[in-house]
Amino acid sequence: PWLILGVWLHPLLPGGWGTVLAVSPLGTLPVWTLLRGLGGHSYPSATTRILVLRPFWYAMLFLPLLALSTLAGALAGLPFGRHGSGGRWGLALSATLFLVAALLGYAGSRRLVVKRLKILLPRLPLAFDGMRMAQVSDLHVGPHTSTRFLARIAAQVQSEGVDLIAVTGDQVDDFAEDVAWYVASLGRLEAPLGIFAIAGNHDVYAGWPAVHRGLTAAGLEVLVNEARPIERDGQRLWIAGTGDPAGAGWSGDQRSPVAPDIERTLASVPADEPVIVLAHNPALWPALAARGVDLTLSGHTHYGQLAIPRLRWSAASPFLRLAMGRHREGRSLLYINPGTNYWGIPFRIGTPPEITVLTLRATPEGEADIQESGETAIKQVLS
């Protein structure tokens, strides 16, 4: 991309190609900062993440698109002998469009919504009919994250008065030390039946043992390929949590304790009792559905942080079969939360950050289903 942009811009720049060559490394030097952090050699501060790493992610997103727009403009001007000015016009127009998109995306990343779902479960014991859960996912908390926005999330979840809170992975943003920021902002949440959390791929990248310790110390019930029963009036509902595929891929060891193991996850759950599974990556759902799991709650995809919900399309859709929304296979249901924050850059269009509130309903004679019962934008700003 720098080469393409340089071809069309160097005649206009003081220093020509020298300026292009001097500026281009700025798009890649932050990789060194990122790798040092992931290797445990340093811990990027809020300033580094906002002023160094965030521009890097913007560059990774927009530079290829700017280069393609420049080529498109040059091709359009070629029949008229204006390929030079055509390329520069293509670059200027696309840069303006991307700037507008970046501003809209930033505003969208702060538009917190509560989506309310009714979950119809044929096997749900009557003792749990009407039980309410809150799901938050993909918070990616770190020193760069807006504490005001996290306070809005925490206040809204607590105000819902749910029975149980599920945190479906990616609690931290790539570094184990980030767990302290998670605890400071969301560690005071309470629910009568507990707060359950699982590993996401970024929790694994950050160093899962340290993240696990930090979450457990904060009072979360962290599930890794295991299940816990909840009892009411002599009836039971199981809450289970899987490992994450990154647990095997990142360590190179399929025996890694945080790699997903569906058999072990469900080993203690009787075949005739209902189970809700927290699985960060929805790619695990087909195997869970084959085992008759009643409901799976996932995240991970962020809906690509760019979506057209009415068309059931997101930027993740071309790459993932299970990219967004609600799914059903027999009696097994899946809901993919779009993320309650963002990753990389504060950019969300068509898919605002979401707190999902689920009400479980027993339907002994009916079919399993997920019904949307409303969405509310949370507008208040807390100091």
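Colleague: Which helix gives the largest share of the lining of the largest cavity?

Modeller: That is α4, with four residues. Helices here are DSSP runs (H or I, at least four residues) and strands are E runs of at least two, numbered from the N terminus. The model is predicted, so to speak of a local feature takes pLDDT of at least 70 and side-chain atom pairs need 80 or more, while totals for chains, interfaces and linings use all residues. Residues are numbered from 1 along each chain, and side-chain values use heavy atoms, without hydrogens and water.

Colleague: How many cavities of 30 Å³ or more are there, and what lines the largest?

Modeller: A cavity is a set of points on a 1 Å grid where a 1.4 Å probe fits but cannot get out; a pocket is an open set with protein on both sides within 12 Å along at least five of seven lines, and lining residues have an atom within 4 Å of a point. The search of the whole structure finds one such cavity. The largest cavity has a volume of about 170 Å³, taken as the space filled by probe spheres set on the points. Its lining has 15 residues, and R49, W57, H144, D173 and G344 lie nearest the centre. By class there are six nonpolar, five polar and four charged residues; Asp, Glu, Lys and Arg count as charged, Ala, Val, Leu, Ile, Met, Phe, Trp, Tyr, Cys and Pro as nonpolar, and the others as polar.

Colleague: What is the volume of the largest pocket, and which residues lie nearest its centre?

Modeller: The volume of the largest pocket is about 640 Å³. Of its 24 lining residues, L61, G304, Q305, W343 and I345 lie nearest the centre. Helices α4, α5 and α8 (201-217) each supply at least two lining residues, and α4 gives the most, with five. The lining of this largest pocket divides into 14 nonpolar, nine polar and one charged.

Colleague: And which residues lie nearest the centre of the second largest pocket?

Modeller: They are K115, Y303, P309, M324 and E372, out of 16 lining residues. Strands β1 (113-121), β12 (325-329) and β15 (369-377) give two or more residues each to this lining. The second largest pocket has a volume of about 310 Å³, and its lining divides into seven nonpolar, three polar and six charged residues.

Colleague: How many aromatic pairs are there?

Modeller: A pair of aromatic rings is described by the distance of the centres and the angle of the planes. Rings of Phe, Tyr and Trp (its six-membered ring) pair with centres within 6.5 Å; planes under 30 degrees apart are stacked, over 60 edge-to-face, the rest tilted. The count comes to five. In one, the rings of W57 and W343 have centres 5.0 Å apart and planes at 50 degrees, so the pair is tilted. W57 lies in α4 and W343 in the loop between β13 (332-336) and β14 (354-362), so the pair ties together parts 286 residues apart in sequence.
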